[in-house]
Every structure is written in C-alpha cells, then in structure tokens.
Amino acid sequence: FGFESFGEKNKFEQFCINFCNEKLQEFFNDHIFTLEEHVYKSEGLDWKPVRFLDNVETLELIESPMGLVDLLEEECHFPKATGMTFRRKLNQTHGKSKYLSFPARLRHSFVLKHYAGPVTYDTTTFLAKNKDAMQETLVSLVSRSNRPLVREVVQLAKDAAVQAAKSPARASPSRGEKSLGKQLGGSASKSFSAASPKATSNGKLNRFASMRVKRGSAAGKKDNTISSQFRLQLQDLMDSLNQTHAWFVRCIRPNTEKAPNQLDPGLVEEQLRYSGMLETIRVRRTG
C-alpha cells in the first residue's frame, strides 16, 4: 500500500519509506476526514463523526522530541554505538508504548505498528546507513571530472549538506494545529486552497542532499545524518502539499502474482481498509 515490509529483515531504507508514507497517510486523513467534518459542522449539517484508523500516535513516536528519529541521530554521535545500543535506548525510552515492541527472539530488532500494520526492523545496519558519507578524497576526485554534469552534481551535494548543517531542526506542526475538526479555526480554507505548489528555493538541492561528505570537508563542521536531511526534505514536501487543493488516486492491487483476471477478495479488502477508503465512502454517503 506504499508501505514496505520484507518479513523480519526490514532495514533503514524501509523505515524511511514507511515514515514518508505515514506522513502522506496523515495528510490524507486530515483532508478526507478532519476537514470534511469541519465543513459539515460549519454548514450546520446533521453530522455524526465517522470513526477511522488514525496514525497520530505512530507519527508522534517517530518524530516527536526524543522519538525514534531523535534517538537514532543521538546514537550516531557516539563512536561505540551499535544497532544493539540503539535498540536498548529505544526500549528504555518507549518500551511501554503500545505501538512499539521488542521480540525476545530477535535481539537486534524492534516492531513498529504502522498504519498499514506492524513492521519488524533489523537495527544491525541502522547507524552505519544513517551516517553514510562519501570519502572526502572521492568527492575531491569526482569534483575535478571533465564532465560538467558530474561537477554540478557534486557541488549541489556540497551545497545541500551546508544548508542542512545551517538549518535548525524544524518541528512538525502540532497535531492540534492540524486537526481542524477537533480545533475549529480559520485555517481550514488554507488547506482547501487551489494554489499550485510553489517551488522551494532549495528544491533542486534536495535531490542530491543524501550524497554527503565527511566531517572536515566543504560541508561544514556539522556532520549531518541521512535521517536529519530526510526529515527536512519530508517537511518541505508536506509544506508544498499543504499549499495545494489535493486530489487522491488510490491504486488497488488485485492479487500478489501480478496475474490477469484474478481477484483476491481478502487482499483487496485489506488494502481498502488500510488506505482509509471504507471510512471515506461512509463520509461521502453521510454528506
């Protein structure tokens, strides 16, 4: 459903993909449910709130202060930290959360309850991949390439790293600010704005932000992690989406074999349920 889960061997890449999909699902929920509820109430319609699957708690666990991402970035600054120490710190901080569990038989793993279901993450390479950086000598060599495009890509990567180092950590808008159905305010019309997304000044740089150079290079004194840059880019994406009038297209996979003329009812129902489509239909029928 956009989310990725490969049994018990999900890596840092799957975590980033699933984090992004959680944010997009929250955006969908806000527009389809919360804002619709606000419109119905403002027009004085007889309205009974529709219960729907929410992912607020999961996102708070991931991106709140001292959440999963913050703890991961903190561990990356300790030379002797490993995936095990990250898992241990995560357990000490959020071990009582109902959205997080630590299977005893999987010593290097934790299970995070996503909107689309629980996903097991193997922390063995989390820190190494989050600190992933190109060797300074390699960057210096490539930057002297006789190909203008290659030199431009390297320069964009350096500029993006410098920008991320200078940018303060930005917190996401609070859930109360975004849940307009719960706090009826004057900002609902802004979310329904038909304005086109505005290109950000650093949009071009963000494409290359993941290619970084190690401490002591042109990137500056601060050695940024992949997760910190990813979080900034993800917030830029959500800011752009919030300036648009959103339309949603849901693609449903009929079977897991990619075979024609075969419909797996259970698989289709699961996708409709986890994508919020059943609740969406109830909202539309009510209105």
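Q: How many disulfides are there?
A: The count comes to zero, taking a disulfide as a pair of cysteine sulfur atoms within 2.5 Å. Bear in mind that this is a predicted model: local features need pLDDT of at least 70, side-chain atom pairs count only at pLDDT 80 or more, and totals for chains, interfaces and linings use all residues. Residues are numbered from 1 along each chain as its sequence is written, and side-chain values use heavy atoms, with hydrogens and water left out.

Q: Is Cys20 buried or exposed?
A: Cys20 is buried, with a relative accessible area of 19%. Buried here means under 20% relative accessible area, exposed means over 50%, and partly exposed is in between (1.4 Å probe, protein chains only). Cys76 is buried too, at 10%.

Q: OK, salt bridges. How many?
A: There are 10 salt bridges, where one is a side-chain nitrogen of Lys or Arg within 4 Å of a carboxyl oxygen of Asp or Glu.

Q: Which residue does Lys23 pair with?
A: Lys23 pairs with Glu26, and their closest N and O atoms are 3.9 Å apart. Both sit in helix α1 (residues 12-42), three residues apart, or about one turn of the helix. Helices (H or I, at least four residues) and strands (E, at least two) are DSSP runs, numbered from the N terminus.

Q: What about Arg231, which residue does its side chain meet?
A: Asp70, in a salt bridge of 2.9 Å, N to O. Arg231 belongs to helix α11 (residues 226-241) and Asp70 to helix α3 (residues 68-75), so this pair ties together parts 161 residues apart in sequence. Arg231 is buried at 17%, while Asp70 is partly exposed at 24%.

Q: Which residue does Lys89 bridge to?
A: Lys89 goes to Glu74, with 2.7 Å between the closest N and O atoms. That pair also links distant parts of the chain, from helix α4 (residues 83-94) for Lys89 to helix α3 for Glu74, 15 residues apart. Lys89 is buried at 18%, and Glu74 is partly exposed at 30%. There's a network as well: salt bridges with shared partners join Lys9, Lys11 and Asp122.

Q: Switching to strands. Which strand does β2 join by a hairpin?
A: That would be β3, through two residues. β2 and β3 (residues 117-122) run antiparallel, with six bridges joining them, and two strands pair if DSSP finds at least two bridges between them. In that pairing, Phe110 has Tyr121 as its bridge partner.

Q: How does β1 pair with β2, and over how many bridges?
A: Strand β1 (residues 100-101) pairs with β2 in the antiparallel sense over two bridges. Leu100 has Leu112 as its bridge partner.

Q: How many residues of β2 are buried?
A: Five of the six in β2 (residues 109-114), so the strand is largely enclosed by the rest of the structure.

Q: And helix α2, how many there?
A: Six of the eight residues of α2 (residues 56-63) are buried, so that helix is largely enclosed as well. Among them are Val56, Leu59 and Glu63.
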